[in-house]
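Open the model in your viewer and get ready to select residues by number. We will go stop by stop.

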Amino acid sequence: MASNGSGQDLIVCFGEMLIDFVPDVAGVSLAESTGFLKAPGGAPANVAVAVTKLGGHSAFVGKFGDDEFGHMLADILRKNNVNDEGVLFDQHARTALAFVTLKANGEREFMFYRNPSADMLLTEAELNLDLIRRAKIFHYGSISLISEPCRSAHMAAMKAAKDAGILCSYDPNVRLPLWPSEDAARDGIMSIWKEADFIKVSDDEVAFLTQKDPQDEENVLSLWYEGLKLLIVTDGEKGCRYFTKDFKGRVSGFSVKTIDTTGAGDAFVGALLVSIAKDTSIFKSEERLRKVLTFSNACGALCTTQKGAIPALPTPAEAEKLVTSAN
């Protein structure tokens, strides 16, 4: 049992953790792959581990199959000092799997095995609401919205967090193969849009959600709403754009040798959330926010320099070194 997370800056991550099977050679199709590396994955879990690797406190809330893969994933969380009080096991469903194709440029395609997987079967009654109410930030994605009973659990957890005055962080992480249709994905992702205090989307996700050019600021701002504290658009190696009530701008990224982009967005989010948990007034100071986003960009960049998400998540020293070397 990780004792982590009794402090005031606990970040609770809600959703799925699964096994990614990544080809041992990049640039080949799943059919052509002769071997696969087993890598822990699932965006909310990646964020939880990114947080602890960066010196923050995190907990994971989600369900695994009561199988070897599920116990392996729970062990990985514990080894990375992620609080596991919200972790559950289902005796009747398997842990989710994803086969990931790495294209030659490090980008990915997914094929999922979840019919239904244990993470989809988390119920509202099983939630550890006490743990969620201890959080400073409650972080989630959209995959947990796709099917019941997990969707109702997600809504109840989010409501408990909001009622307790906890900051809500949303990274939709669009995974189209998991949704019944593109329209269902858009509707599902947007159905909770206005509940969040901060939202991070990629340029591709802006294009998908608005069905327009993600570089056109007017399109990005169609995603803004009254009450949002921070909207971040990540632009891959180009860095990110930020929008608050009072200011907006762009922070450059870092040029690194990219091998696998898996988890880069989660490393970025983890770094951002650790900084917000320490200083929730960051949205009011553009100078401080830019510094934090530069550090977050460095974390995202470093995560692409090796295979798999969790093994590639950087330490503060590694990220600081990249920031310093680029100046």
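Predicted model: local features only at pLDDT ≥ 70, side-chain atom pairs only at ≥ 80, totals over all residues.

**Stop 1**

Select Ser 275, Lys 291, Val 292, Phe 295 and Glu 320. Of the 14 residues that line this second largest pocket, these are the closest to its centre. The pocket holds about 320 Å³ of space.

**Stop 2: the largest pocket**

The largest pocket has a volume of about 1300 Å³. Select Glu 107, Arg 108, Ser 202, Thr 261 and Gly 265, the closest to its centre among the 49 lining residues. Several elements each supply at least two lining residues, including strand E2 (18–23), helix H1 (43–53), strand E7 (108–113) and helix H9 (286–303). This lining divides into 15 nonpolar, 19 polar and 15 charged residues.

**Stop 3: a closed space**

The structure holds three cavities of 30 Å³ or more. The largest cavity contains about 60 Å³ of space. To find it, select its lining, which includes His 139, Tyr 170, Phe 198, Lys 200, Leu 230 and Val 269. Strands E9 (167–170), E10 (198–202) and E11 (230–234) give two or more residues each to this lining, as does helix H8 (264–278). By class, the lining has eight nonpolar, two polar and two charged residues.

**Stop 4: helix H1**

Is H1 mostly covered or mostly open? Mostly covered: 10 of its 11 residues are buried. Among them are Ala 43, Asn 46, Val 49 and Thr 52. Show the neighbours next. The buried residues of H1 pack against strands E1 (10–14), E3 (36–41), E4 (57–65) and E8 (137–140), and against helices H2 (68–79) and H8. Just after H1, click on Gly 55, which takes a positive phi of about 90°.

**Stop 5: helix H5**

Select residues 182–190. In this helix, Ala 185, Arg 186, Gly 188 and Ile 189 are buried. The buried residues pack against E9 and H6. Arg 186 also forms a salt bridge with Asp 183, with the closest N and O atoms 3.2 Å apart. Both partners lie in H5, three residues apart, about one turn of the helix. Why does Arg 186 count as buried? Because its relative accessibility is 10%, and buried means under 20%.

**Stop 6**

Side chains of opposite charge can pair when their charged atoms come close. The count here comes to 17 salt bridges.

Select Asp 75 and Arg 78. Their side chains meet in a salt bridge at 2.6 Å, N to O. Both residues lie in helix H2, three residues apart. Asp 75 is partly exposed at 33% relative accessibility, and Arg 78 is partly exposed at 29%.

Next, select Asp 235 and Arg 250, whose side chains meet at 3.5 Å, N to O. Asp 235 lies in the loop between E11 and strand E12 (239–243), and Arg 250 in strand E13, so the pair ties together parts that are 15 residues apart in sequence. Asp 235 is buried, with a relative accessible area of 2%. Arg 250 is partly exposed, at 43%.

Notes. Residues numbered from 1 in each chain as written. Heavy atoms only, no water. 1 Å grid on protein atoms, 1.4 Å probe; cavity = no way out; pocket = protein on both sides within 12 Å on 5 of 7 lines; lining within 4 Å. Points joined across faces, edges and corners; volume = space filled by probe spheres on them. Helix = DSSP H or I, 4+ residues; strand = E, 2+ residues; numbered from the N terminus. Nonpolar A, V, L, I, M, F, W, Y, C, P; charged D, E, K, R; others polar. Buried < 20%, exposed > 50% of the residue type's maximum accessible area, 1.4 Å probe, protein only. Contact = heavy atoms within 4.5 Å. Salt bridge = Lys/Arg side-chain N within 4 Å of Asp/Glu carboxyl O.
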